[in-house]
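Could you take me on a tour of this structure in my viewer? I would like to know what to select at each stop and what is there.

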Amino acid sequence: MEPQSQDLKTAPFLTLGRFHISEDYGFLLPNPLKELPDHYRPWMEIANRLPHLIGSHQLRAQVNEMPLLNCQFLTGYREQRLAHLVLTFITMGYVWQDGEAQPKEVLPRTLALPLVEVSRNLGLPPILLHSDVVLANWATRNPGRPLEIRNLDPIVLFPGGESLRGFILVTVLVEKAAVPGIKALVQAVNAVLLPSPDSLLQALQQLRLSIQDITRALGQMHVVFWNLSLDSWTSTKAVLSTDYVDPDIFYAVIRIFFSGWKDNPAMPAGLLYEGVSKEPLHYSGASAAQSTVLHAFDEFLGVRHSKESADFLHRMRDYMPPSHRAFIEEIHSAPSLRDHILSSGNSQLLTAYNQCVEALAALRSYHLAMVTKYLITAAPKAKGRKTSHLPGPPQALEERGTGGTAVVRFLKSVRDKTIEAILHQSG
């Protein structure tokens, strides 16, 4: 299912199909499966009851009684992606069932062995990823109707009810909004190779529109659900109660399940995968930095980040499906768009390029504004709330994203470096 590395350089022009990227859904997995073969019913039965099992503190007992299942009956890429989704959701629930004060530091072999095997087959780390939470975790109620929140459901959930449902589905719509931009990027790379100034100009104009649509889609998180994000869409917290989101639930219940065991003070020793390794392993939690979209746009537009931010972003590429990572690398190795525009002397191309960069900076500024508002106004309120049925707000990653970054500094840096990419006409 994943492309072989020797195939990536054979085609003279860039195409999405070579990287298993959908013309209709982009990096989203088209029509994800919702059921595994009957052999894996024990996994699915736990996954389908995950919110209840976690909420009633019964998940760990259920996992400890789970049989060790062989992965040989998983046929095809989509079954393996669903298995990874199911096993990683169960893993996060198992580790964090009792909150950050009592994480499980050993993953039992009946969960660890199949998770690691499926992960190796997919070329993915054995932890919950953006590609699980979002890319493979959506289903339409009516396949003939558009992708909108009312027509979508997640496949697997943690506790959090409508708050988590809305969070996942808005992020699905963010990925969907990126599809025209991904296609425009491909058109633009090929237009530079030809070269074709008219095709490049059209592609840059479409890319700008798509980035603006991504910002509007992300805005649904804030406007419709009143959520504010940290370093990723997968570490969002609510600040204002509506019919859809309870801020206490989102802050105190949901976020911890996206937290990993690397750069996390709550699990400094990492997680021991029983039967896999004699030493604990360290993996970052799910983060929107694992989404391929902005990586691809940055590489294409020539945005260069600070060493600290770039090191983190490059590490997050190891948490993407291999074909998506290869797509970014292919864009990186393509002729420089910036050099092409500067050498062309074409003022229309320069203006269109700068408009793309400005739109990308505006997206990052919007994200940063939501985070800043959250940190200033919501944190003290969240700390002051006490509820009998919920744990206290998580402390270990209070000012860090689930990927482990110091979130405000990171977001300011990537925004500022994006602005620095604006070109100025020489002469």
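Start by selecting Asn-31, which sits in the segment before helix H1 (41-48); helices (H or I, at least four residues) and strands (E, at least two) are DSSP runs, numbered from the N terminus. Asn-31 is partly exposed, at 46% relative accessible area; here buried means under 20%, exposed over 50% and partly exposed in between (1.4 Å probe, protein chains only). Its phi is near 45°, a positive value in a residue other than glycine. Most residues other than glycine have a negative phi, and most peptide bonds are trans.

Before moving on, a word about what is on screen. This is a predicted model, in which local features need pLDDT of at least 70 and side-chain atom pairs count only at pLDDT 80 or more, while totals for chains, interfaces and linings use all residues. Residues are numbered from 1 along each chain as its sequence is written, and side-chain values use heavy atoms, with hydrogens and water left out.

Now zoom out to the whole protein chain. You will find 16 helices and six strands, and 57% of the 427 residues count as buried.

Next, select Asp-263, in the loop between helix H10 (247-254) and strand E6 (272-273). Asp-263 has a positive phi too, near 55°, and is partly exposed with a relative accessible area of 41%.

For the next stop, show helix H8 (residues 179-193) together with helix H11 (residues 292-301): their axes come within 11 Å and cross at roughly 25°. That makes H8 roughly parallel to H11, since angles under 35 degrees count as roughly parallel, over 145 as roughly antiparallel, 65 to 115 as roughly perpendicular and the rest as oblique. The axes are lines fitted to C-alpha atoms, for helices over the stretch in contact, and angles run from 0 to 180 degrees between N-to-C directions.

Which residues in H8 and H11 meet? Gly-181, Ile-182, Leu-185, Ala-188 and Val-189 in H8 are in contact (heavy atoms within 4.5 Å) with Ala-296, Phe-297 and Phe-300 in H11. By class, this contact has seven nonpolar residues, one polar and no charged ones; Ala, Val, Leu, Ile, Met, Phe, Trp, Tyr, Cys and Pro count as nonpolar, Asp, Glu, Lys and Arg as charged, and the others, Gly among them, as polar.

Stay in helix H8 and pick Asn-190. Asn-190 counts as buried because its relative accessibility is 15%. Leaving aside neighbours within four places in sequence, Asn-190 is in contact with Phe-13 and Leu-14.

Follow the chain to Leu-194 and Pro-195, which are joined by a cis peptide bond with omega about -10°. Pro-195 lies in the loop between H8 and helix H9 (197-223).

Finish at Ser-309, in helix H12 (residues 307-316). Is Ser-309 buried or exposed? Ser-309 is buried, with a relative accessible area of 4%. Not counting residues up to four places away in sequence, Ser-309 touches Phe-410, Ser-413 and Val-414. Select Leu-411 as well: Ser-309 and Leu-411 are 102 residues apart in sequence, and 8.9 Å apart in space, C-alpha to C-alpha.
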